[in-house]
Amino acid sequence: MKSSRMSARPLALALGLGLASSALGAAVPASAQTAATPSGAAGTSVARYAGSVKESANNKAFFEAMHKSVAEKRAAQPNARAVTVYYNASRAPSFRSQISSAAAIWNSSQSNVKLQPASSGADFSYREGNDPEGSYASTDGHGSGYVFLDYAQSRQNDSVRVATHETGHVLGLPDDYSGPCSELMSGGGAGPSCTNRYPNATERSRVDELWATGLAQAPDSGRAWTR
């Protein structure tokens, strides 16, 4: 639900996420529930549901950064049945349950990458807080980065869907706002009634494909960007 903020994060490539679904909210601290929401926050998030040219370019940049990450992990674990990606959730304590659910969903959805928690040496982390543009995933361009989970957005939407959607970016999937509710990466394009937390068959297959061979070697690796 966020467009690029390259000037604010010169070393990060921010991803727009756009999720609007049910009234199932995250377990958010009382202090966050009463915290003032930045002016225009809701309007900003809704306006970005459809995506933008700039946002699409940043999503592509994230995807390209994952090429290097996957190649390095495959080289480091050449005989492993699945590549293990470690995450640190210590900076998002209010969302531990949602993050755990997101990891379990992805781990059960495909076979070639497994998400595991770690207290140190993690490949990426989760963070929480208030942001006028909602939740997003960000990378430093070298396969490392973080997922930011916004309090207000997670109260308004199915918080597990938000976390699972954002984690999908870490695994190499782009947004597809024109997709149906059954497509996890459709984000807010599916409408506010969508509460689907699971990737569809195409998304599951795509992640398996990407992490089986490395993004650079995967057939049709650029197809997602021909829209």
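## Strand pairing around β4

In this predicted model, strand β4 and strand β6, which covers residues 145-150, pair in the parallel sense over 6 bridges. One of the residue pairs in this arrangement is formed by F124 and G145, the latter being the bridge partner in β6. Strand β4 also pairs with strand β2, residues 83-91; these two strands run parallel and are joined by 3 bridges. Here R91 stands opposite R127 of β4.

How much of β4 is buried? The strand is mostly covered, with 5 of its 6 residues buried.

## The loop between β3 and β4

Strand β3 spans residues 113-117 and strand β4 spans residues 124-129, and A118 is found in the loop between them. Which residues does A118 touch, once those up to four places away in sequence are set aside? The contacts of A118 are Y86, Y87 and N88. A118 can also be located relative to S90: the two residues are 28 positions apart in sequence, and their C-alpha atoms are 9.1 Å apart in space.

K73 counts as buried because its relative accessibility is 13%, under the 20% limit. D123 is buried as well, with a relative accessible area of 18%.

Q110 lies in the loop between helix α4, residues 96-109, and strand β3. Is Q110 buried or exposed? Its relative accessible area is 4%, so Q110 is buried.

The side chain of Q110 has polar atoms placed close to backbone oxygens. The backbone oxygen of W106 lies 2.8 Å from a polar atom of this side chain, and the backbone oxygen of V113 lies 2.7 Å from a polar atom of the side chain of Q110. Leaving aside neighbours within four places in sequence, Q110 is in contact with R204, V207 and D208.

## The disulfide

How many disulfides does a search of the whole structure find? The search finds 1. The disulfide is formed by C181 and C194, whose sulfur atoms are 2.1 Å apart. Both C181 and C194 lie in the loop between α6 (159-170) and α7 (201-213), so the pair ties together parts that are 13 residues apart in sequence. In general terms, a disulfide is a covalent bond between the sulfur atoms of two cysteines.

The torsion about the S-S bond of C181 and C194 is about 85 degrees, and the disulfide is therefore right-handed. As for accessibility, C181 is partly exposed, with a relative accessible area of 29%, whereas C194 counts as buried at 1%.

## Salt bridges

Another is formed by R197 and D158, whose side chains meet at 2.9 Å, N to O. R197 lies in the loop between α6 and α7, while D158 lies in the loop between α5 (151-156) and α6, so this pair ties together parts that are 39 residues apart in sequence. R197 counts as partly exposed at 29% relative accessibility, whereas D158 counts as buried at 1%.

A further salt bridge joins E209 and R206, with the closest N and O atoms 2.3 Å apart. What separates E209 and R206 along helix α7? The two residues are 3 residues apart in this helix, which means that about one helical turn lies between them. E209 counts as partly exposed, at 24% relative accessibility, and R206 counts as buried, at 16%.

Conventions
Residues numbered from 1 in each chain as written. Predicted model: local features only at pLDDT ≥ 70, side-chain atom pairs only at ≥ 80, totals over all residues. Heavy atoms only, no water. Helix = DSSP H or I, 4+ residues; strand = E, 2+ residues; numbered from the N terminus. Contact = heavy atoms within 4.5 Å. Buried < 20%, exposed > 50% of the residue type's maximum accessible area, 1.4 Å probe, protein only. Polar contact = N/O pair within 3.5 Å; in protein donor to acceptor, adjacent residues only side chain to side chain. Disulfide = S-S within 2.5 Å. Salt bridge = Lys/Arg side-chain N within 4 Å of Asp/Glu carboxyl O. Pairing = 2+ DSSP bridges.
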